[in-house]
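Hi everyone, thanks for making time this morning. Let me put the structure up, and then I'll walk you through a few spots in it.

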Amino acid sequence: MTPVAPSPTVQALFAHQQAHAQRWRQSSIRERKKLLRQLREAILAQREKIRAAVMADLGKPAAEADLSEVYPVVSEISHVISNLDAWARPVKVDAPLTMLGTRAEIRYEAKGVCLIIGPWNYPFMLTLGPLVSCLAAGNTAMLKPSEYTPNTSAVIASLVRSIFPEERVTVVEGGVEESTALLRLPFDHIFFTGSPAVGKVVMRAAAEHLTSVTLELGGKSPTIIDQTARLEDAAKRISYGKWLNNGQSCIAPDYLWVHERVKDAFVEKLTQTVIKQFGQRTAITPQSPDYARVINDKNFQRLDHLLRDAVQRGATVEWSGPMDAGQRFFHPVILSGVSLEARIMQEEIFGPILPILTYTDEDEVIRHINAQPKALALYVFTTRMSFFEKVMAQTSSGTACLNDCVLQFVHPNLPFGGVNNSGIGKAHGEAGFRAFSNEKSIVKQKNGFASPYALYPPYNTRVRKVLDVLIKWF
Ligand code: NAD
């Protein structure tokens with residue numbers, strides 16, 4: 001691939017931000033909070049436009065836009081404003097005997113100029129959410145929203161222009177070409193949300209400048225329902241977590257492992273619940289106002305192929321309905337008897353198809369989960385705490401929930417992020433502030449005699465004796 005040079009405009013913007021970053025790094029917490037308040041006000045003032053944009057891009061119902069795009073950003077701002085003084089305060093640390101006479105502390109300094117690349121599935125929230133942490137930590141930011149949501153991207157650009165000078169925050173609209181060009185610049189931090197495949201591209205580019213990264217990636221999030229689970233509750237929560245935004249959520253339950261004994265009862269409850277939550281009367285149709293759409297034709301075709309491939313390999317369709325490719329209306333689908341070899345079990349589904357696998361041996365489930373890349377989220381529905389703890393102890397995932405799903409994303413006091421294939425680094429609240437900060441360790445030495453003198457060369461008998469004591473006792 002021929003290298004793409006950043007356009008002169010983007011390079012100039014970057015240089016402009018670099019020059020400004022020094023000044024903004026020294027901004028007071030008060031100044032930063034004032035800026036965040038302005039951002040909150042601007043978002044609230046543009047609420048209608050944001051709803052209209054995500055409706056145009058994703059067919060996202062207005063209430064879902066409020067719930068999953070506006071509210072998380074606004075509440076993140078409020079949470080940051082309430083806690084920033086405490087998070088940004090230097091932390092004094094004790095001196096051990098070997099450091100006698102010194103004082104030490106950790107300071108949180110802004111990294112500098114940051115790049116935030118957003119995905120299309122929650123295009124507003126996943127571009128502006130990281131911006132909140134970025135500004136709170138005292139950085140400048142260049143934002144690159146997804147090209148698949150041009151309406152939301154335009155709203156973000158105009159909102160940012162209305163309150164920020166471009167040397168502090170600027171938006172570069174466009175797709176892979178613009179993203180590639182931006183990634184050639186020596187940013188101080190890159191915060192990327194998207195697929196594991198593009199995450200690798202971002203990390204390779206960042207390595208060129210040894211830029212630190214936060215990678216919020218995806219993958220398959222498994223869900224286990226054991227024979228003791230409260231099926232009614234499980235159905236409600238899984239229906240919501242899976243079909244919210246038409247299954248296009250990074251932490252949606254990707255597939256289920258259900259104990260054989262409760263599978264039929266669960267499928268029945270689940271089907272009824274999905275209709276209750278997202279349908280009208282007895283069905284889900286293109287007219288159902290609470291059911292979002294697949295983002296584009298390419299993804300509609302991809303989901304269609306996944307479904308056909310699973311059925312060809314022996315899966316049973318437990319529930320489906322009429323589809324409308326023209327409107328990108330993909331009816332919820334529940335599959336059982338899915339082969340582990342089917343494509344749908346190999347890649348992140350990111351759509352409204354839910355495969356159900358059954359089990360009787362819980363160790364087999366744990367072995368299967370451990371044979372896959374580490375998940376962003378793992379959900380367990382059970383009334384046996386011992387089973388939940390066993391799954392927690394024997395598997396690794398970025399996040400987890402007992403008897404619910406998706407909820408962990410909005411808990412303000414929890415770091416959010418994956419592990420290995422599902423991500424590197426954490427976001428939200430304090431973790432987000434730390435991700436955009438350099439933890440600077442400072443030691444303050446006094447003048448005159450200091451304890452390290454005892455170890456300075458020449459390495460005579462006295463120094464060697466001190467070393468013997470150190471090695472033995474400290
Ligand atoms: P994507 O990786 O295709 O694109 C994300 C961003 O990267 C877009 O802005 C795009 O323009 C840019 N991009 C795409 N290809 C690029 C390339 N070759 N070089 C440089 N930049 C490039 O992801 P997507 O399809 O927008 O989003 C879906 C994925 O994101 C899913 O895997 C999902 O699980 C994941 N996701 C993760 C989180 C999280 O918080 N962990 C949240 C939402 C989505």
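**A leucine on the surface**

Let's begin with Leu100, which is exposed at a relative accessible area of 53%; exposed is over 50%, buried under 20% and partly exposed in between, with a 1.4 Å probe and protein chains only. Before going on: this is a predicted model, where local features need pLDDT of at least 70 and side-chain atom pairs count only at pLDDT 80 or more, while totals for chains, interfaces and linings use all residues. Residues are numbered from 1 along each chain as its sequence is written, and side-chain values use heavy atoms, with hydrogens and water left out.

Where does Leu100 lie? You'll find Leu100 in the loop between β1 and β2; strands are DSSP runs of E with at least two residues, helices runs of H or I with at least four, numbered from the N terminus.

Now the strands on either side of that loop. β1 and β2 (residues 103–110) run antiparallel, joined by three bridges; pairing takes at least two DSSP bridges between two strands. Val93 has Ala104 in β2 as its bridge partner. Both strands belong to an open, antiparallel sheet of three, ordered β1-β2-β16. At its edges are β1 (91–93) and β16 (437–444), each pairing on one side only.

One last stop: helix α1 (residues 8–25), which holds Ala12. Ala12 is partly exposed, its relative accessible area being 43%. Between Ala12 and Glu167 there are 155 residues in sequence, yet 9.9 Å in space, C-alpha to C-alpha.
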